[in-house]
Amino acid sequence: MATLAHTASRAVTGTGTGTPAPPRSVRHLGPNWYAAVMGTAIVAGAGAALPFTANGARLAYQAVWALSALMLLALLAARGVHWVRHGDQVRRHLLDPAVAPFHGCTAMALLAVGGGTLAVGREVIGAPAALAADAVLWSLGTLVGLTAAAAIPYLMVTRHRIDAGSASPVWLLPLVAPMVSAALGPALVPHLPAGPWRQTLLYACYALFGMSLLATLLVLPLVLSRLLHHGPLPLALTPTLFLVLGPLGQSTTAVTNLAHVAPGVVDASLAPAMGAFAVLYGVPVMGFALLWLALATAMVVRAVRNGMGFTLTWWGFTFPLGTCVTGAAGLARQTGLGAFDGLAVALYALLVTAVAVAFTRTALGLARGHLPAPPRPVTP
């Protein structure tokens, strides 16, 4: 199956004299650009979960959150123009099996910025405004995420033509969006009236956790089978292997966050069970996440040695790593073990490095007029 990758690894010239081409229009601005917002926002959200309380660290998180919020607003505006002026491209993106799954990034960008607003933005804009913003973004992101989780698989079955053995980690993007809602929804629970309102949101988050987890369990074997039977992914798509970390780290984050707010919300006999489930589920899943991280890293090293250049798929390194940071931090809170704090800090260092590299390369691509660029075919 031919897939598409947006590239900025080579200079694009418009005159044949080596002069960079002028910036491209929003015609080629696809939903994959929301991955940059997700990857930036998770730096603030994951940082807030770490055991760092110094004022300098909080200021850094707030600065990154503000940047992600500005990026989201700018991208929403640009995508709005794209939808109005380039309806043909909108339809093309939905009907292209290589691009359609990226619509899940829209929901996750809304959710990530909303979660960061409540976690660190409240110190900038005030608690009431932060709560209102997060409630709106969580509700909108959840609605968009549920729509994508149902609509994209429907299109894959009824409209897309997918060759055997072409499963991709990108398929996980619309399916993991409800898991992000499940992980960030618990932060809103204490702000609801006590009683049924809090219980409803708590159990709704468990339902979101379940639907995303079971859907992910259906797709992951297809991805592994594709790798075992057809070999490594094309160089430009190798970073998407890190997307597998997303549902692993985010599901661990979800169960630990839900267990944290459960006391006083559910029956006294249920809260300890939820806490036990968080540990019994989260520890093995985090172990598998570390195994996959080692495998994916080895594949990326191989791809770099074979000449892998920069593409927007490099943002795939960021948000999934961030979910592992929050998952490890949640396990540290549930178990009291400093080892999980140490793991969270180590993963956060990798996250910051990955975001710095992806952000710099993307900014250079935009400044030089190489982005946004039309996607080019990548054939396994």
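**Surface patch, helix packing and salt bridges**

L70, L73 and L76 together make a nonpolar surface patch of about 300 Å². A patch consists of residues with over 30% relative accessible area and no salt bridge, with nonpolar side chains (Val, Leu, Ile, Met, Phe, Trp, Tyr) joined within 5 Å and like charges within 9 Å; accessible areas come from the Shrake-Rupley method with a 1.4 Å probe, and for residues only the protein chains shown count as cover. The model is predicted: local features need pLDDT of at least 70, side-chain atom pairs count only at pLDDT 80 or more, and totals for chains, interfaces and linings use all residues. Residues are numbered from 1 along each chain as its sequence is written, and side-chain values use heavy atoms, with hydrogens and water left out.

G114 is buried, because its relative accessible area is 0%. Between G114 and V189 the C-alpha to C-alpha distance is 14 Å, with 75 residues separating them in sequence.

The packing of α6 and α7 comes next. Helix α6 (residues 173–184) packs against helix α7 (residues 196–230) at an angle of about 150°, their axes being 8 Å apart. Axes are lines fitted to C-alpha atoms, for helices over the stretch in contact, and angles run from 0 to 180 degrees between N-to-C directions. The two helices, α6 and α7, are therefore roughly antiparallel, a term for angles over 145 degrees.

The whole structure contains 2 salt bridges, each a side-chain nitrogen of Lys or Arg within 4 Å of a carboxyl oxygen of Asp or Glu. In one, R27 pairs with D88, and the closest N and O atoms are 2.6 Å apart. This pair links distant parts of the chain, 61 residues apart: R27 in the loop between β1 (3–5) and α1 (34–48), and D88 in helix α3 (residues 87–95). R27 is partly exposed at 26% relative accessibility, as is D88 at 36%.

E123 and R58 also form a salt bridge, at 2.4 Å from N to O. Because E123 lies in helix α4 and R58 in helix α2, the pair ties together parts that are 65 residues apart in sequence. E123 is partly exposed at 42%, whereas R58 counts as buried at 16%.

Key. Helix = DSSP H or I, 4+ residues; strand = E, 2+ residues; numbered from the N terminus. Parallel < 35°, antiparallel > 145°, perpendicular 65-115°, else oblique. Buried < 20%, exposed > 50% of the residue type's maximum accessible area, 1.4 Å probe, protein only.
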